[in-house]
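Reader: I would like to learn how to read a structure like this one. Could you take me through it step by step?

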Amino acid sequence: MGSKLNILIIGGGGREHAIVWKLSRSGSVGKIYAVPGNPGISKHAECIPFKVEDITGIAKYAVSGSIDLVVVGPEIPLCMGITDILEEAGVPVFGPSYRAAAIEGSKSFSKKLMKKNHIPTAEFQTFTVSDDAVSYARELGTDMWIKASGLAAGKGAIYAPDPEEAEKIIRGMMIDGMFGESGYEIVIEENMHGEEASIFAVCDGKTFKTLVSSQDHKRI
């Protein structure tokens with residue numbers, strides 16, 4: 001490894017643009033590459049036309065291109081196991097393993113994990129049969145959230161003000177394929193009132209560092 005790091009960023013959105021821009025300002029960074037990148041990213045990095053789902057191709061490129069560090073942005077390659085593949089190839093990578101990424105890739109898994117380990121979370125039930133989900137929504141008789149269990153590009157959580165609207169959303173996800181396979185298993189969750197905040201922590205398995213909080217506005 002040379003005195004300056006050659007870094008490969010995976011992703012092509014605003015998040016990755018911000019990461020590339022910040023890394024480009026570091027004196028420790030040499031060449032920056034991005035897969036697939038975007039026009040803004042191309043001002044600071046060389047864009048490589050791989051698809052983020054091509055985790056095998058990306059790993060081969062990282063090895064052959066003498067990449068010192070890979071930073072993964074999108075959830076899809078993480079949930080496909082790109083971190084594991086890169087680590088097996090001896091390439092340092094910033095991103096959770098396949099098993100850890102399941103917390104993001106499956107809402108059902110993450111909710112059950114929280115319940116098992118007594119981590120406070122909204123009351124919920126998971127379903128793979130639409131009629132069962134509709135019956136549960138009717139039993140609740142109040143407002144709720146219907147969530148596709150799998151990845152849905154941040155759009156998989158829909159607010160239902162009443163059981164009638166919940167039934168439409170459930171059938172849209174589980175029967176009509178609104179989110180493809182991601183919606184064939186769903187989570188029905190109680191509606192909680194108050195401020196929402198996302199707080200991220202960077203962890204190496206032993207220590208962690210929290211980042212600044214952010215706030216989403218799904219209903220808007």
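This is a predicted model: local features need pLDDT of at least 70, side-chain atom pairs count only at pLDDT 80 or more; totals for chains, interfaces and linings use all residues.

Reader: Gladly. How are strands held together in a sheet, in general?

Author: Strands of a sheet pair through backbone hydrogen bonds, either parallel or antiparallel. Here, 4 strands form an open sheet in the order β6-β9-β7-β8, and the pairing is antiparallel. The edge strands are β6 (124-127) and β8, each of which pairs on one side only. On average, neighbouring strands of this sheet are turned by 20° against each other, direction ignored.

Reader: How many bridges join β7 to strand β9?

Author: There are 5 bridges between β7 and β9 (residues 186-190), and these two strands run antiparallel. You can check the pairing residue by residue: M144 has E190 as its bridge partner in β9, while A148 has I186.

Reader: Where do the side chains of a strand point?

Author: In a regular strand the side chains alternate between the two faces of the sheet. In β7, M144, I146 and A148 lie on one side, W145 and K147 lie on the other, and all of them are buried.

Reader: Why is β7 described as largely enclosed by the rest of the structure?

Author: Because 5 of the 5 residues of strand β7 (residues 144-148) are buried, the strand is largely enclosed by the rest of the structure.

Reader: Is K147 buried or exposed, then?

Author: K147 counts as buried because its relative accessibility is 17%, and the cut-off for buried is under 20%. Its side chain makes a polar contact of 2.9 Å with the side chain of E189. Leaving aside neighbours within four places in sequence, K147 also has contacts that include K107, G156, M173 and V187.

Reader: Which helices lie across the sheet strands β6, β7 and β9?

Author: Helix α6 (residues 107-116) lies across β6, β7 and β9, running at about 140° to β6. Helix α7 (residues 130-140) lies across these strands too, at about 160° to β6.

Reader: How do I read the way two helices cross?

Author: Look at how their axes meet. The axes of helix α5 (residues 98-105) and α6 come within 6 Å and cross at roughly 100°. That makes α5 roughly perpendicular to α6. The contact is made by A102, I103 and G105 of α5 together with K107, F109, S110 and L113 of α6.

Reader: And what should I look for in the interior?

Author: In soluble globular proteins, nonpolar side chains tend to be buried together. The largest nonpolar core here has 20 residues, and L8, I10, A62, V70, V72, I82 and L86 have the most contacts inside it. Elements giving two or more residues to this core include β1 (5-11), β2 (29-36) and β4 (69-72). The largest share, 4 residues, comes from α2.

Reader: Which residues does V70 touch?

Author: Not counting residues up to four places away in sequence, V70 touches L8, I10, A62, L86, V91, P92, V93 and F94. There is also a second, separate core of 18 residues, which includes A133, V134, A166 and I170.

Technical notes
Residues are numbered from 1 along each chain as its sequence is written. Side-chain values use heavy atoms; hydrogens and water are left out. Buried means under 20% relative accessible area, exposed over 50%, partly exposed in between (1.4 Å probe, protein chains only). Two strands pair if DSSP finds at least two bridges between them. Axes are lines fitted to C-alpha atoms, for helices over the stretch in contact, and angles run from 0 to 180 degrees between N-to-C directions. Contact means heavy atoms within 4.5 Å. A nonpolar core is a set of buried Ala, Val, Leu, Ile, Met, Phe, Trp, Tyr and Cys residues joined through side-chain atoms within 4.5 Å. A polar contact is a pair of N or O atoms within 3.5 Å; within protein, one must be able to donate a hydrogen and the other to accept it, and residues adjacent in sequence count only if both atoms are side-chain atoms. Angles under 35 degrees count as roughly parallel, over 145 as roughly antiparallel, 65 to 115 as roughly perpendicular and the rest as oblique.
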